[in-house]
Amino acid sequence: MVCINMIHSQQSQESQEGQESRIIFDAVSLNRDGVEVLSDISLALQAGTITALLGPNGAGKTSLLHCASSVMACSRGRVLLNGADIQSFTPPSLAQKVAVLPQQSGLNFPFVVEDVVAMGRYPHSDGQLCDRAIIHNLMDLLHIRDLAQRPYTALSGGEKQRTQLARVLSQLICSPQLDVYDNSVLLLDEPIAALDMPHQTLLMNLLQQLAAKGLTIFIALHDVNLAATYADKIALLKAGHLIAFDSVSEVITEAMIKQVYDIEVDIIAHPKTAKPLVIPEV
Amino acid sequence: MMSSADSGFGLVGWILCLFTPVMLLLGLSVGPVPIDSQQLLQILPFLFTDAFTDTTGLDPAMAGLHTIIADIRLPRTLLAWLVGAGLAISGAAMQGLFRNPLADPSIIGVTSGASLGASVAVVLIGGGGLNLFTDVEQWGGLSILVTGAFIGGLLAALIVYRLSTGSSDHLSSSQTSVATMLLVGIAITALAGAGNSLLAYMTDNETMRRISLWNMGGLDAASDRRVILAACIIIPAVLLLMRFARQLDAMLLGESEARHLGVDVQRIKWSLVVIVAFAVASSVALAGVIGFVGLVVPHMLRMLIGPGHRRLLPYSALAGGLLLVAADIVARIVLSPAEMPVGVITALLGAPLFIILLRQRRDYGMY
């Protein structure tokens with residue numbers, strides 16, 4: 001309790017400076033089948049920011065997201081959502097605050113696209129008209145409005161992914177103007193893998209827009225350059241250890257990439273944004 | 001939910017509602033002794049009175065028909081309707097829970113587990129002075145039958161679910177494996193079949209014939225008591241299952257996705273398995289093994305109205321009741337005046353459809 005109170009007071013101080021911690025990983029470790037997949041990870045996600053989670057395959061990105069969504073209980077340490085232990089939330093109350101896009105989805109029944117997106121509204125009851133406006137707006141934004149009455153099972157991989165994204169976003173958006181519910185968190189596991197380049201950019205811009213409205217976003221990515229362009233902070237994982245958690249310019253360095261991915265890269269400044277751009281050495 | 005497909009009751013629903021009374025009346029009038037619609041209309045007002053003590057308005061010839069309807073066809077038709085509704089909605093719920101359109105209670109072993117449970121219960125109690133199949137018509141015998149079937153069915157459902165679904169701390173494998181599910185179902189069906197054969201082998205010829213007839217499924221033993229018992233279990237089960245529509249829709253996205261949408265997955269799983277085991281067990285105990293209703297009905301409805309459970313569950317109950325009453329009518333007239341076991345009819349209809357489903361398996365992309 002003492003510890004929670006400390007974090008509370010710390011939070012209220014932070015919020016006065018506009019730096020409220022939405023999710024706090026407090027010395028989180030996770031064992032699976034006797035193997036430690038996460039060890040002693042501490043980091044705080046600031047409200048209204050995008051934090052990218054980078055690391056090689058098997059580094060523990062998905063496991064960390066599972067801890068943040070309370071799907072897995074940490075072996076040691078804990079995860080706090082808005083100051084309360086995430087394990088203390090009931091599934092319905094957690095679903096009103098946290099939306100999760102898993103790496104892959106196994107929907108094999110021919111729901112039409114609009115019905116799949118509408119499932120994101122399950123945790124809320126804001127009235128049918130409001131729900132419908134939110135759903136239609138998101139389908140427009142993600143270019144799936146034309147597919148509204150098509151069965152999900154007949155879609156291409158990218159179309160399925162955009163449908164799932166619209167579903168997950170509709171869980172956190174409370175108005176057609178893209179306002180988000182207070183204190184809510186979006187966890188995305190590899191959301192862009194199936195998307196073509198224009199839709200990758202489209203999604204990342206949309207996420208920036210939502211972050212500006214106060215949504216806290218934690219996103220596992222493989223594309224280092226996309227992370228460097230859009231994220232406010234980057235967390236680097238390797239073999240279950242948090243190697244770095246800092247601003248883009250601090251984390252995306254030749255030495256850090258070499259340490260985590262074990263490849264030689266050149267880093268130049270992006271001609272327009274001046275953000276770091278990683279080029280693998282040939 | 002607010003989707004276009006989910007608003008209102010829908011055309012298919014109204015058609016099912018319209019056909020239900022028609023089929024029930026047909027069930028009363030068709031049989032070795034045909035009763036035409038005029039006679040039926042004359043008898044119906046006196047259906048729940050005793051024709052022999054209160055013959056007001058009925059001539060002696062009609063009194064005989066009254067007896068046929070009140071004592072034989074009415075309980076039988078109602079039992080068929082209840083059992084059909086219970087089996088079909090159970091099938092729909094299991095398919096949602098397993099996220100697989102092939103998860104019918106009879107294919108995954110729940111039905112045969114219930115059948116063995118009922119036989120064992122009767123034989124075990126039989127040692128205590130209860131005569132197998134003769135004392136069974138008393139309330140005590142019927143409830144022992146249902147309890148045994150419930151335990152057998154529940155055990156089978158839990159074994160299948162346990163073995164075919166990854167343990168909950170491995171999310172990647174939380175998807176139900178269909179191959180395993182069908183194989184475990186085969187194993188349980190074979191095991192239960194062996195148990196039933198053993199029981200049949202150890203008893204006298206008459207009991208053996210009764211056991212094998214039971215395993216074919218038959219409504220000829222329908223009685224007022226059986227109908228009342230079936231109604232007391234199946235109607236609450238149907239109403240309870242309909243309350244899970246939204247959660248089952250979310251479950252189709254995947255277990256972790258459902259959890260992220262606020263569904264208490266573990267609780268839903270247990271509730272569904274227990275309710276389905278109750279519904280299936282009571283229908284097995286009271287009407288024998290009737291396969292494929294739970295497979296065929298939800299599948300055909302899904303092709304008409306889509307996979308949303310808000311409609312699928314009530315429609316399945318309505319259509320399942322209709323189908324089994326129809327199958328029972330067919331069972332009565334094809335070999336008239338002899339009868340076919342109704343389970344044979346449903347299997348003759350259902351097995352080819354099951355094969356067609358397997359051939360279209362790529363549609364479901366999960367094998």
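Helix α3 of chain B bends by about 40 degrees at B:R73, and a proline, B:P75, follows within four residues. Here a helix is a DSSP run of H or I with at least four residues, numbered from the N terminus, and the bend at a residue is the angle between axes fitted to the seven residues ending there and the seven starting there. The model is predicted, and local features need pLDDT of at least 70. Residues are numbered from 1 along each chain as its sequence is written, and chains are lettered from A in the order in which they are written.

The 38 residues of α3(B) reach 54 Å from first C-alpha to last, close to the 56 Å expected at 1.5 Å a residue; the expected span is 1.5 Å times one less than the number of residues. This helix is mostly covered, with 27 of its 38 residues buried, that is, having 20 or more other C-beta atoms, placed from the backbone, within 10 Å of their own. Just after α3(B), B:R99 takes a positive phi of about 50 degrees.

Helix α1 (residues 11-29) of chain B has 19 residues and reaches 28 Å, close to the expected 27 Å. A bend of about 25 degrees occurs in α1(B) at B:T20, and a proline, B:P21, follows within four residues. Buried positions of α1(B) include B:L16 and B:M23. The buried residues of this helix pack against α2 (37-43), α3 (60-97) and α13 (309-333) of chain B.

Leaving aside neighbours within four places in sequence, B:L79 is in contact (C-beta atoms, placed from the backbone, within 7 Å) with residues including B:L219, B:A222 and B:L286.

Definitions and conventions
Predicted model: local features only at pLDDT ≥ 70, side-chain atom pairs only at ≥ 80, totals over all residues. Helix = DSSP H or I, 4+ residues; strand = E, 2+ residues; numbered from the N terminus. Buried ≥ 20, exposed ≤ 12 C-beta atoms within 10 Å, placed from the backbone. Contact = placed C-beta atoms within 7 Å.
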